[in-house]
Amino acid sequence: MSAGNAEAVRKYTAEVGEEDVGKLVKLYGWVHEVRDHGGLVFVVLRDREGFIQITLPKKKVSPDAFKTAKKVHRESVVEVVGVVKAEPKAPGGYEVIPEKFIVLNEAEAPLPLDVAEKVPAELDTRLDHRFLDLRKPRVQAIFRIRHCILQSVRSFLCEEGFIEVNTPKIVSTATEGGTELFPISYFEKEAFLNQSPQLYKQVLMASGLERVFEIGPIFRAEEHNTVRHLNEAVSIDIEASFTDHEGVMDVLERLVVKVYEDVNEKCGRYLEWMNVKLEVPELPFERLSYEEAIDMAGRKGEEIPWGEDISTPALKIIAEEMPEFYFIVDWPTKSKPFYAMPYEERPEVCKSFDLMKGYLELASGAQRIHVYDLLIRRLEECGMSPKDFEFYLEAFRYGMPPHAGWGLGADRLLMAVLGLKNIREGVLFPRDRNRLVP
RNA sequence: GCCCGGGUGGUGUAGCCCGGCCUAUCAUGCGGGCCUGUCGAGCCCGCGACUCGGGUUCAAAUCCCGACCCGGGCGCCA
């Protein structure tokens with residue numbers, strides 16, 4: 001960008017070190033703060049890797065640079081070309097004495113929120129001005145770690161022989177019943193945003209791909225209003241042939257451990273920015289049966305009638321004894337969707353599981369029904385009409401292998417790993433009951 | 001969606017119970033001034049706010065009703 005400084009090497013603030021002392025470097029970033037001492041001005045420059053102090057003694061820099069630095073607004077974008085100096089008095093031990101201090105784009109003042117965090121901002125305010133919020137290293141760290149988690153998940157599943165696929169997010173009316181769908185207009189037809197790739201990934205089991213995964217958005221039109229629900233979320237879904245619920249639980253728990261290992265290995269500095277320490281969970285995760293779970297809650301006064309979903313207060317009681325990762329397995333068939341495989345000898349219970357971290361549900365999965373007649377029967381028992389599922393059911397008539405799978409909430413996984421108090425913290429632009437912008 | 005609590009300068013807050021010395025507190029910010037080693041720089045001067053709509057009252061930031069939004073809890077969430 002600045003042709004006159006061919007010898008200046010572009011560096012990130014965090015890269016400036018001993019080898020640069022006496023040399024010319026070029027830095028791009030934002031003005032984090034300005035400390036104006038009259039004849040001496042300190043500008044703290046921030047880029048995505050950290051901070052560095054730009055020091056402007058009036059007598060040692062050009063009048064132009066000095067004047068510009070004195071009146072620059074916080075959060076303006078600047079280009080600095082200058083000589084690196086080792087300086088014990090400077091934060092980080094190095095400072096840059098600029099030859100050039102150019103404002104590439106001035107920021108308006110006052111700012112809608114304080115990036116330097118001298119004054120805190122509420123989550124709502126932060127989300128309204130998310131791009132500014134993301135300039136805080138502590139906030140940016142969340143998304144650098146999220147990136148790492150997603151990358152870890154991809155590489156792990158690829159190594160396990162899963163093939164990444166993309167299924168449609170615009171679907172026709174009949175899906176699985178249950179949750180509310182967002183209606184959209186699709187030319188002359190009625191359509192909805194998909195709540196889950198479930199039906200499609202099962203159909204793909206009949207394709208011979210054998211093991212597939214998808215990382216993509218899911219949409220739920222529920223009017224929930226909690227710190228762990230969103231109306232648009234990212235789901236990590238797998239489906240695998242010739243295996244059962246035990247087989248995919250094994251994949252899931254090893255995946256979680258791998259994510260912890262990778263984040264620890266690759267995101268040490270971001271964990272530090274956030275002041276978080278990660279302990280890699282131990283394998284295998286404990287398996288708690290549905291019946292044990294409701295007993296545990298019942299002993300502390302939270303009675304769950306057999307067959308019903310486990311309430312939030314009950315899960316919180318269980319979480320007191322099981323604060324880490326664990327599975328709740330063998331759910332009542334009637335509490336799970338129609339495609340979950342019932343046990344042969346005890347069909348009121350099915351081969352299903354939820355992955356929990358404390359009271360937070362992270363994933364749920366099951367061995368699926370691959371037998372056509374049984375699937376039809378379960379569909380009807382659940383009050384749904386087979387004719388609405390023809391594209392799905394057809395796949396079960398021409399050689400559908402036994403299979404199993406799960407769906408893992410990516411945002412919830414991030415929340416669990418980093419101990420975020422609100423799922424919105426880990427989503428760039430969350431969509432909830434009231435928030436549609438930005 | 002239900003229950004409880006809340007909405008005050010750009011941001012975060014005090015004040016609200018017990019209406020009137022509120023021309024509304026403090027911090028940060030912003031504008032101006034002084035200042036050559038700050039690192040939450042310091043000092044001086046200034047700027048800037050009662051969510052919206054109704055009601056009660058001589059008088060409303062303060063009390064009442066409604067809407068919208070926020071926080072906590074719950075429900076719903078195959």
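**View 1. Cys382 is partly exposed, at 33% relative accessibility.** Partly exposed lies between buried (under 20% relative accessible area) and exposed (over 50%), with a 1.4 Å probe and protein chains only. This is a predicted model: local features need pLDDT of at least 70, side-chain atom pairs count only at pLDDT 80 or more, and totals for chains, interfaces and linings use all residues. Residues are numbered from 1 along each chain as its sequence is written, and side-chain values use heavy atoms, without hydrogens and water.

View 2. A disulfide is a covalent bond between the sulfur atoms of two cysteines. Here it is counted when two cysteine sulfur atoms lie within 2.5 Å. The count is zero disulfides. Cys350 is in none; its nearest cysteine sulfur, in Cys382, is 10 Å away. That is too far for a bond. Cys350 is buried, at 0% relative accessibility.

**View 3. Three strands form an open sheet in the order β8-β10-β9.** Strands are DSSP runs of E, at least two residues, numbered from the N terminus. Two strands pair if DSSP finds at least two bridges between them. The pairing is antiparallel. β8 (170-171) and β9 (183-186) each have a single partner strand, so one side of each lacks a neighbour in the sheet. Four bridges join β9 to β10 (residues 189-193). Ser185 stands opposite Glu190 in β10.

**View 4. Ile170, Tyr186 and Phe187 make a nonpolar surface patch of about 360 Å².** Ile170 belongs to strand β8. Its relative accessible area is 42%, so Ile170 is partly exposed. Nonpolar side chains (Val, Leu, Ile, Met, Phe, Trp, Tyr) are joined within 5 Å.

How values were computed:
Chains are lettered from A and ligands numbered from 1 in the order in which they are written. Patches are made of residues with over 30% relative accessible area and no salt bridge: like charges are joined within 9 Å, nonpolar side chains (Val, Leu, Ile, Met, Phe, Trp, Tyr) within 5 Å. Accessible areas come from the Shrake-Rupley method with a 1.4 Å probe; for residues, only the protein chains shown count as cover. A salt bridge is a side-chain nitrogen of Lys or Arg within 4 Å of a carboxyl oxygen of Asp or Glu.
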